[in-house]
Amino acid sequence: NRDAAGNIIDSKYHLGKRDAYNRFMGKDWQARSASLGNLALRVKYMLEKNPNNDVKTDDDEDSDLLDTWQEESSKTLAKRLLELQIRELQMELAEIDYELAVARTQSNEMALQNDGDVSQLQIARQKCESQLMQAQESLALYNNEVDQEGLLISALNRMADMSTNNGKNAAPYRGAMGYAPMLDSREDVDGGILPYTSPYDLLKEIIGDQLNADVIGVVLENTNLLDGTLMLGGGIVLQRRTAKKTVSLSGEEITVSDEDEDYGNLDAKGGTTILVECDADEAVGVALACDMPIRIEPQLWERSNMVVEPCPTDEDTDSNNVYESIPKWTIKNTDTLFLVEGEGRNASNMTNVSPLRVPTTTSLFDRLFESSTSSSSSPTPSFPTDNPIQSLDELDTMGNQEKARTLMSLSNFQGKLPRPRVLREAKMMGTENPLDKLLLPLIDESVRRQYLIRDAEQRGDDERVKELQSSKSRRQVAMEKAEEAREYGQDDLADRYEEESNVYENLRADVTQDEGSYSRFLDKDEWYERERQARIKRTKKSSFGTLLDGIE
């Protein structure tokens with residue numbers, strides 16, 4: 001976390017990758033480092049009185065007993081650390097003696113280099129022996145009860161200094177590679193938090209530090225629009241934190257809430273509540289990280305809860321695999337089929353009447369790497385060939401489930417269906433159906449234009465109505481004239497207009513796009529299509545014998 005010139009970068013400008021990695025690996029975690037120097041300092045801070053805790057509480061007797069117990073336990077721990085340091089110094093001294101013996105027995109061919117090695121090892125041995133004597137003297141004085149607390153604090157300070165080689169190998173910043181762990185100050189210990197236990201701990205910190213929001217709720221809901229199948233999805237309820245500002249009132253500065261501060265985000269001021277959709281497993285992970293209950297509708301709970309029992313395990317099996325130590329459960333409900341997304345099932349074997357599907361983050365992530373091309377050898381058309389909705393009346397008579405099925409059947413639909421909750425909210429607020437927003441760009445351009453004209457008329461937007469009517473395609477004009485002639489009983493005229501409409505439809509490469517929205521060179525030439533239609537009319541079916549029998 002340094003710039004190109006070696007300057008320390010302010011923590012609020014960190015990219016976060018190194019910090020997250022160090023936290024997951026437990027390296028130099030604030031107030032949680034397991035290095036000998038930090039353990040010694042934490043015991044030292046326990047022995048010393050905290051200047052921030054001078055205020056007495058109401059339960060003075062309980063507080064004094066707790067302080068006495070903490071002091072005694074700190075002294076015991078400090079003695080154990082001192083004994084551990086003596087053991088490590090003895091081992092280090094033995095290793096130096098071994099290296100000295102090896103260096104002194106080397107051949108005379110490398111005598112000059114060996115002399116240099118021997119001198120360096122002798123200096124290291126004297127230093128190690130001096131440190132060992134100081135530690136042994138401190139332990140002897142402690143056992144003789146001579147100023148135990150002062151001796152321990154002095155010994156703990158020496159341990160901390162030794163861990164960084166008296167500051168020569170001190171880390172320039174927390175988590176630096178190749179240095180001794182950074183020593184924690186009292187403020188670091190007082191403000192220390194537990195390391196990450198899962199990626200959701202990191203997500204929780206990002207939500208608070210970067211999004212300026214708090215997780216106030218976790219929900220599970222049904223995400224499937226079709227009856228008969230329950231598909232669980234999750235939702236995280238976030239509330240934007242209200243900014244604080246300092247104002248001067250009668251010469252005194254006070255801190256108040258700044259209701260107008262949006263942190264640079266439109267419509268996201270303090271107190272704003274946002275529901276973020278996610279997968280079910282993500283919702284459970286966030287709930288565990290935030291220690292929050294998961295809320296679910298009673299009807300959904302009745303449909304999704306099931307009776308389970310633990311799978312039998314072989315007690316003789318001894319495995320070090322952590323996944324094999326997690327108990328496995330089996331579902332006893334015979335009327336419910338439980339599917340995790342990504343599991344293959346034969347449709348002929350799915351006889352259960354109430355499937356329950358649980359999408360997972362892994363299965364959705366794997367889908368990103370799946371090939372989008374079909375496995376068949378037939379080429380994929382450049383434009384969609386399906387056009388299921390032919391009139392505005394047909395669109396109006398469709399329900400939400402029919403619209404959802406139509407969207408899933410369209411070859412050019414690559415989006416994601418809204419959840420039932422979104423449809424209910426849109427209906428309560430009187431806004432446009434979210435399914436219509438997804439369906440309109442993919443249906444026949446004439447039907448879409450009729451829908452937009454009607455919507456503009458209902459809103460009283462006369463300019464929009466004129467704009468839409470003036471930009472009608474020739475195909476739509478012919479279709480409307482055919483309908484008008486049919487209403488007046490002019491069937492022959494209506495047939496001619498319908499034939500004209502079919503010609504314009506055959507010219508178009510994609511009837512779902514507005515006329516002129518793509519290159520005209522992709523459409524057929526009008527003279528060619530009219531000549532082809534005329535040639536078809538002149539051709540007699542009888543001249544082909546029985547080849548065209550059954551073909552209209």
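Start by selecting helix H7 (residues 199-209) and helix H8 (residues 280-290), which pack at an angle of about 75 degrees with their axes 9 Å apart. Axes here are lines fitted to C-alpha atoms, for helices over the stretch in contact, and angles run from 0 to 180 degrees between N-to-C directions. H7 and H8 are therefore roughly perpendicular to each other (65 to 115 degrees). Helices are DSSP runs of H or I with at least four residues, strands are E runs of at least two, and both are numbered from the N terminus.

This is a predicted model, in which local features need pLDDT of at least 70, side-chain atom pairs count only at pLDDT 80 or more, and totals for chains, interfaces and linings use all residues. Residues are numbered from 1 along each chain as its sequence is written, and side-chain values use heavy atoms, with hydrogens and water left out.

Tyr200, Asp201, Leu203 and Lys204 of H7 meet Asp281, Glu282, Gly285, Val286, Ala289 and Cys290 of H8 (contact means heavy atoms within 4.5 Å). This contact of H7 with H8 has 5 nonpolar, 1 polar and 4 charged residues. Ala, Val, Leu, Ile, Met, Phe, Trp, Tyr, Cys and Pro count as nonpolar, Asp, Glu, Lys and Arg as charged, and the others, Gly among them, as polar.

Next, follow the chain out of each helix. Asparagine 212 lies in the loop between H7 and strand S1 (213-222); its phi is positive, about 50 degrees, although it is not a glycine. Aspartate 291 sits in the loop between H8 and strand S6 (294-296), and its phi is also positive, near 55 degrees. Most residues other than glycine have a negative phi. At 72% relative accessibility, aspartate 291 counts as exposed (over 50% relative accessible area, with a 1.4 Å probe and protein chains only; buried is under 20%).

Move on to helix H15 (residues 445-459) and helix H16 (residues 462-470), whose axes come within 8 Å and cross at roughly 160 degrees. That makes H15 roughly antiparallel to H16 (over 145 degrees). Select Arg449, Leu452, Ile453, Ala456, Glu457 and Arg459 of H15 with Arg464, Val465, Leu468 and Gln469 of H16 to see the contact. Its residues divide into 5 nonpolar, 1 polar and 4 charged.

Finally, zoom out to the whole protein. The model has 19 helices and 10 strands, and 29% of its 552 residues count as buried.

Key: Parallel < 35°, antiparallel > 145°, perpendicular 65-115°, else oblique.
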